[in-house]
Structures are given as structure tokens and as C-alpha cells.
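Come along and check each entry against the picture.

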Amino acid sequence: MSRCLVSRLLLALLPSSTLTSVTVWPQPRGDGSSDVAVEYELEAPHLTLRNVVISIPIPPNSLPSVTGEADWRAERNAFVWTIDTVDSENPSGSLEFKCEGDADAFFPVSVGFAAAGSLADVDVS
């Protein structure tokens, strides 16, 4: 069985939560807006994740206000946070933003990335 096929089978079988966890905590402010805390943590330290993209829905015509420095953009009714590399040297991170919308407006969250290495930490020869 080829390494590519094994990787694809494992990717289909392993939930992404075994690779990384992403937590989103919207906190309504009572004025129609919410403070949203976002955190990620690498759960598989043997992997290097590249071009990690966390996409969080936001209400139409909303402009988030971000606390701290991060590579983000608002695009097509989504807050999109991009992290170049998540690995054992950079296993976690967080940011906060304020945006119009109640807590339910910020779900579902989607996460995408490219992984270098064996997803299940096995060597196929």
C-alpha cells in the first residue's frame, strides 16, 4: 500500500481533533455584539501543520475589531485567521475579536491545513 494511500485513509478515519484543537468562545456584550476568543493547540506534536486557516462565520457587513497581532481578514461573511506554521515550536495561539452578532452567529467553524509527516506517526516502508 502506498504512503499516499495510507495517509488518505488515515485522514478519512482520524478526526481532525486528534491533530489540532480549535476553540471558539463568543461572549455576548448585551448590545448586539460579541467578544470572541479563539484558541488553537496542536494535539499531534510529531506533525508540522502549514497554512492553517480558521474560518469563523460573521454576520453580513460586519467588520471585526481584533485585539493583538494576527494575520486575518474579513471575507464573504467570515473572519479568516491564517497561521503559517503550527508545530512543536509553535503549538498554540490565541486571538480575540469584537464583532456584531450573537453567540450563535459564529458557528460552524471550519479549519483547513496541510500536514507534513505521517498523520498517525507510523512509518510505511
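Before I look up neighbours, I write down a term: contact means heavy atoms within 4.5 Å.

**Ground rules.** This is a predicted model, where local features need pLDDT of at least 70 and side-chain atom pairs count only at pLDDT 80 or more, while totals for chains, interfaces and linings use all residues. I number residues from 1 along each chain as its sequence is written, and side-chain values use heavy atoms, with hydrogens and water left out.

**Entry 1: confidence.** I looked up pLDDT, the predictor's confidence in each residue, from 0 to 100. The protein chain averages 84, and 79% of the residues score at least 70. Where is confidence lowest in the protein chain? I found it in helix α1 (residues 3-13), with a mean of 37, while β6 is highest, at 97. Over residues 1-14 the pLDDT is below 50, and this stretch has eleven contacts in the model beyond near neighbours in sequence.

**Entry 2: the overall plan.** I listed the helices (H or I, at least four residues) and strands (E, at least two), which are DSSP runs numbered from the N terminus.

**Entry 3: surface.** My cut-offs are these: buried means under 20% relative accessible area, exposed over 50%, and partly exposed in between (1.4 Å probe, protein chains only). Of the 125 residues of the protein chain, 31% count as buried. For the areas I note the Shrake-Rupley method with a 1.4 Å probe; for residues, only the protein chains shown count as cover. The accessible surface of the protein chain comes to about 7,600 Å², and 49% of that belongs to carbon and sulfur atoms.

**Entry 4: the core.** A nonpolar core is a set of buried Ala, Val, Leu, Ile, Met, Phe, Trp, Tyr and Cys residues joined through side-chain atoms within 4.5 Å. Which residues have the most contacts inside the largest one? My list reads Val 38, Ile 54, Ile 56, Trp 81 and Phe 97, in a core of 21 residues. The elements giving two or more residues to this core are β2 (33-42), β3 (48-57), β6 (78-86) and β7 (92-100). I then picked out Ile 56: leaving aside neighbours within four places in sequence, its contacts include Val 24, Val 38, Phe 97 and Val 109.

**Entry 5: Ala 37.** I found Ala 37 in strand β2. Is Ala 37 buried or exposed? Ala 37 counts as buried because its relative accessibility is 18%. Not counting residues up to four places away in sequence, Ala 37 touches Thr 23, Val 24, Trp 25, Leu 95 and Glu 96. Ala 37 and Val 24 are 13 residues apart along the chain, yet their C-alpha atoms are separated by 5.7 Å.

**Entry 6: Ser 62.** Ser 62 sits in the loop between β3 and β4 (65-67), and at 11% relative accessibility Ser 62 counts as buried. Leaving aside neighbours within four places in sequence, I see Ser 62 in contact with Cys 99 and Glu 100. A polar atom of the Ser 62 side chain lies 3.0 Å from the backbone oxygen of Pro 59.

**Entry 7: salt bridges.** I searched for a side-chain nitrogen of Lys or Arg within 4 Å of a carboxyl oxygen of Asp or Glu, which defines a salt bridge. How many does the whole structure hold? The search finds two.

- Arg 29 pairs with Asp 35, the closest N and O atoms being 3.1 Å apart. Arg 29 is partly exposed at 43%, and Asp 35 is partly exposed at 32%.
- Arg 73 meets Glu 75 at 2.9 Å, N to O. Arg 73 is partly exposed at 35%, and Glu 75 is partly exposed at 33%.

Entry 8: Most residues other than glycine have a negative phi, and most peptide bonds are trans, so I looked for exceptions. Asn 51, in strand β3, has a positive phi near 50° and is exposed, at 51%. Arg 76, in the loop between β5 (71-74) and β6, also has a positive phi near 50° and is exposed, at 78%. The peptide bond from Phe 107 to Pro 108 is cis, with omega near 5°; Pro 108 lies in the loop between β7 and β8 (110-116).

Terms used
Polar contact = N/O pair within 3.5 Å; in protein donor to acceptor, adjacent residues only side chain to side chain.
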